[in-house]
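Biologist: I would like to learn how to read a pocket and the strands around it. Please take me through one.

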Amino acid sequence: MDSEGFRPNVGIIVLNARGQALWARRVGGKDAWQFPQGGINPGESPEQALYRELYEEVGLTRSQVKLLASTRGWLRYRLPRRLVRKRSEPLCIGQKQKWFLLQLEADESNIGFDNGYKPEFDHWRWVSYWHPLTKVVTFKREVYRRALTELAPTQIQLERRWHKRDS
């Protein structure tokens with residue numbers, strides 16, 4: 001937790017060869033979908049947290065993806081007041097995130113939720129790169145917009161390569 005009450009976290013966007021993004025549904029969240037994300041442990045770098053969370057949440061290892069890009073700095077969002085645990089110490093008012101853009105290099109059959117950790121997701125699908133902006137919970141939308149916008153030039157290159165290969 002930083003001095004302002006923001007928990008350090010990584011956000012993960014996994015793309016397929018077409019430039020579509022992996023979009024995952026939270027367990028028990030009815031229709032709550034999001035990109036994989038997770039906290040950075042004490043002493044852990046954002047990149048170490050990226051690969052740990054990637055495996056814990058969607059079963060992919062470092063060797064099955066290619067790191068394409070990351071956001072330059074921290075992107076922050078505040079939790080709605082109803083979600084702030086007022087009795088927790090230290091008080092967490094939101095998250096500061098470093099976002100990573102990855103390309104899946106293994107077969108998509110490697111994506112899974114049964115990795116020996118409590119599953120956070122129960123389903124996934126490929127969606128267009130910008131689809132999450134209108135679907136993610138409201139308080140995360142601005143961070144998603146900023147991350148997707150900053151990482152878009154790399155995604156666009158990947159999508160263009162796919163279309164050239166396809167034509």
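Modeller: We start with the pocket, then turn to one residue and the strand pairs. This is a predicted model: local features need pLDDT of at least 70, side-chain atom pairs count only at pLDDT 80 or more, and totals for chains, interfaces and linings use all residues. Residues are numbered from 1 along each chain as its sequence is written, and side-chain values use heavy atoms, with hydrogens and water left out.

Biologist: What volume does the largest pocket have?

Modeller: A pocket is an open set of points on a 1 Å grid over the protein atoms alone, where a 1.4 Å probe fits, with protein on both sides within 12 Å along at least five of seven lines; lining residues have an atom within 4 Å of a point. Volume is the space filled by probe spheres set on the points. Here the largest pocket has about 740 Å³.

Biologist: Which residues lie nearest its centre?

Modeller: Arg7, Arg26, Leu79, Arg85 and Gln95 do, out of 24 lining residues.

Biologist: Is Gln95 buried or exposed?

Modeller: Buried means under 20% relative accessible area (1.4 Å probe, protein chains only). Gln95 has 10% relative accessibility, so Gln95 counts as buried.

Biologist: What polar contact does the Gln95 side chain make?

Modeller: A polar contact is a pair of N or O atoms within 3.5 Å, one able to donate a hydrogen and the other to accept it. The Gln95 side chain makes one with the side chain of Asn9, at 2.3 Å.

Biologist: Which residue stands opposite Arg26 in strand 8?

Modeller: Strands are DSSP runs (E, at least two residues), numbered from the N terminus. Two strands pair if DSSP finds at least two bridges between them. Strand 2 and strand 8 run antiparallel, joined by six bridges. Phe121 stands opposite Arg26.

Notes:
Buried < 20%, exposed > 50% of the residue type's maximum accessible area, 1.4 Å probe, protein only. Helix = DSSP H or I, 4+ residues; strand = E, 2+ residues; numbered from the N terminus.
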